[in-house]
Amino acid sequence: MSILLNSESRVLVQGMTGSEGTFHTQQMIEFGTNVVAGVSPGKGGSQHLGRPVYDSVAEAVIATGATVSGVFVPPAFAADAIMEAAAAGLQLVVCITELIPVNDMVRARAYLSSRGARLVGPNCPGLMSPGERSKVGIIPNQNGRPGPVGVVSRSGTLTYEIMQSLGAAGYGQTTAVGIGGDPVLGLSFSDVLELFATDPETELVVMAGEIGGSDEERAAELIGRGYPKPVVGFISGRTAPPGKRMGHAGAIISGNTGSAASKVAALERARVEVADTIEQIVERVTARLR
Amino acid sequence: MKLLEHQAKAQFRSEGIECPMGRVARTPGEAESAARELGEVVVKAQVPIGGRGKAGGVKVARTPEEARAAASQILQMEIRGYRVPAVLLEELLDIGQELYLGVTLDRDRRRLAVLLSFAGGMEIEDVAERTPEKIAKLWPDPFSGPLPFEIRQLTLNALASAQGEQILDRSRLLNLMVPLVQRLYQLCQRLDATLCEINPLVITRSGQLIAGDGKVEVDQNAEYRHHDLVRELGGDAEAASSGDDQLEVEARRRGLTYVHLGGDIGVIGNGAGLVMNTLDLVKQQGGSPANFLDIGGGAKAEVVRQALEMVLLDPEVKGIFVNIFGGITRGDEVAKGLIQARDELQIKLPLVVRMTGTREEEGRRLLEEGGIIPAVSASEAARRVVEMVAGAGR
């Protein structure tokens, strides 16, 4: 089992014919993802990577029964692509693109909510369900390994590191979700935690947050109200100074919100064990699952 | 991009938001002739940061001669490190009451929020911390914008926590607030701004609503749609970044994601979360990171080289820690790239590298032979670089 994505998921890729789209779609296919179509306005009717390409998401959905979209289009067109996917009835949209204007995302996010579609990202590595041989996004294939751990994180490379370290210790993942480094995101930590809570195969969740915003605090409140599974927390950016954007557009301490100390404290209040290093994450997971 | 006050007010006016009569002056002479036109004025330093009043960057001038003297003084100032490229001279307002009105991004709600408070003139962050009940909030639908009845309710909510006598009667206030809030929200959308703020929003004794000050921050990701604003900033752009950290200014010029932190261990890594974690590891080992530098998802040799070059511009750096998650990148290639960069840049400082990837063991062997210290884990690498820098300092 897994959350959000499984072997039944029929995936289309918006922007598949671009260079990033091509490379990562290839990787997705190699991993086992059921990629059914590409969408590139103006290139409909052609084939790419052995898949049919359509001019619009609506056409691709009618022809292929796609259920999930991966968005690899450039930032200026990404919010529109996300809304197009939701309008065509897709349940899950995964947007990898970074540098999307924030107000574009505010509109796209509201549009999706009104249509009941879920968004992962943007500015994220996507998600992977190793036991289902399915991934949408850019998580390196060799980091996925089936197992009982749910992983949710705001960062890309840090997610890969956590997956790899857990894997080396013998612990694979049900699903790993990178929710993204932007200030305006689709799924929050809380949303993903709620999904893991009801997934029978997820025995434990690793949640890796970072400075900026208060999604981690909201998640801590959710856990504090009673969460059915152990959660191991991790917060990066403990030494980050206020007012400085640390790489991710969303990783900034502004005024009194977003500090690592506040997030660690909130998680500890909810009795979440917070690890200081990736090695410690593995130790805590081992202690809980052994 | 932060607009200077006079630029923000030009945008306000174009949207129909009333501002005081004003003129921009770049010399004391210009200030004098502006004051001749305007009468009694306030002379304000045009800098992209707050706190200019306390720093002496705002002065009242009763005569053109006083305006000249004030401008001459202010134009030579440096306010918290920022040069003053221009002053704004504005007519004095007959202030009856000061409000706060802002449109800003609310990350939790994933929407723009409209904030209104009768505790105007103060830093809104302070009000938010001490008396959050004095700020009324509205989260409009991003497609419709704030609707008139929502704005009236927002105003009523703010009024409920207001103290003392109100200058305007309630019906006039409600009528004036509706178009004002709609215009400010509209401006925020049009400029792709993450902040449009009027603080103070002045109610004059004659009952008009006028923008006393203006702050606009345009989303960096949307600057490509606003070349006109970038051009307008033009000559002021250099002064507007004069108070920024000069290493960070140079990094921006080179297109690198760099934050100067002031310690002595240079840090390079790929991925924002990974680099933040690397800084934390250095600190845990008792070291002090000099910078944050994220080279992005990949591990291309040329980018690593540019990053090393940037880190070395900081004279405080006594050692360098490179933390690369290679993924499918080949470790031996990353190692060769690093050795070459080290030789070309003639780096003599301790250089500790922790990397993963395919063929990572071969990569580590190559590094060791090349005189670079390889590490298996990031914690170990952090410990080693901190030890070496401490040892070199003895």
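# A two-chain predicted model: a briefing

Chain B has an average pLDDT of 91, and 97% of its residues score at least 70; pLDDT is the predictor's confidence in each residue, from 0 to 100. Where pLDDT is low, the predicted coordinates should not be read in detail. For the complex, the predictor gives an ipTM of 0.93 and a pTM of 0.93. This is a predicted model, in which local features need pLDDT of at least 70 and side-chain atom pairs count only at pLDDT 80 or more, while totals for chains, interfaces and linings use all residues. Residues are numbered from 1 along each chain as its sequence is written, and chains are lettered from A and ligands numbered from 1 in the order in which they are written.

**Chain B as a whole**

- Chain B holds 14 helices and 18 strands; helices (H or I, at least four residues) and strands (E, at least two) are DSSP runs, numbered from the N terminus.
- Along the principal axes, the C-alpha atoms of chain B fill a box of roughly 80 × 50 × 40 Å.
- Chain B has 394 residues, and 48% of them count as buried. A residue is buried if 20 or more other C-beta atoms lie within 10 Å of its own, exposed if 12 or fewer, and partly exposed in between, with C-beta atoms placed from the backbone.
- Among the contacts in chain B with a separation of 6 or more, 69% come from residues 24 or more positions apart. Two residues are in contact if their C-beta atoms, placed from the backbone, lie within 7 Å.
- Chain B is divided into domain 1 (21-92), domain 2 (95-237) and domain 3 (246-393); such bounds come from an automatic or database domain assignment.
- The centres of domain 1 of chain B and domain 2 of chain B, taken over C-alpha atoms, are separated by 25 Å.

**The open sheet of chain A**

- In chain A, seven strands make an open sheet with mixed pairing, in the order β3-β4-β2-β1-β5-β6-β7. Two strands pair if DSSP finds at least two bridges between them.
- At the edges stand β3 (47-48) and β7 (118-120) of chain A; each has a single partner strand, so one side of each is left without a neighbour in the sheet.
- Strands β2 (residues 35-39) and β4 (residues 51-54) of chain A pair in the parallel sense over two bridges, and A:Gly38 has A:Val53 in β4(A) as its bridge partner.
- Helix α2 (residues 57-64) of chain A lies across β1 (11-14), β2, β4 and β5 (68-71) of chain A and runs at about 155° to β2(A). Axes are lines fitted to C-alpha atoms, for helices over the stretch in contact, and angles run from 0 to 180 degrees between N-to-C directions.
- Helix α3 (residues 75-87) of chain A also packs on the sheet, where it touches β1, β5, β6 (92-95) and β7 of chain A; its direction makes about 165° with that of β6(A).

**A look at strand β5 of chain A**

- Which strands pair with β5(A)? The strand β1(A) pairs with β5(A) in the parallel sense over four bridges, and four bridges also join β5(A) to β6(A), again running parallel.
- A:Val68 of β5(A) is the bridge partner of A:Val11, and A:Val68 also stands opposite A:Leu92 in β6(A).
- In a regular strand the side chains alternate between the two faces of the sheet.
- From β5(A), A:Val68 and A:Gly70 point one way and A:Ser69 and A:Val71 the other way, and all are buried.

**Where chain A meets chain B**

- 40 residues of chain A are in contact with 42 residues of chain B.
- On the chain A side, the elements giving two or more residues are α4 (102-115) and α5 (157-168) of chain A, and α4(A) gives the most, with six residues.
- That side of chain A has 16 nonpolar, 15 polar and nine charged residues. Ala, Val, Leu, Ile, Met, Phe, Trp, Tyr, Cys and Pro count as nonpolar, Asp, Glu, Lys and Arg as charged, and the others, Gly among them, as polar.

**Domains of chain A**

- Chain A is assigned domain 1 (11-120) and domain 2 (139-289), whose C-alpha centres lie 26 Å apart.
- 11 residues of domain 1 of chain A are in contact with eight residues of domain 2 of chain A.
- The largest share of the domain 1 side, five residues, comes from α4(A).
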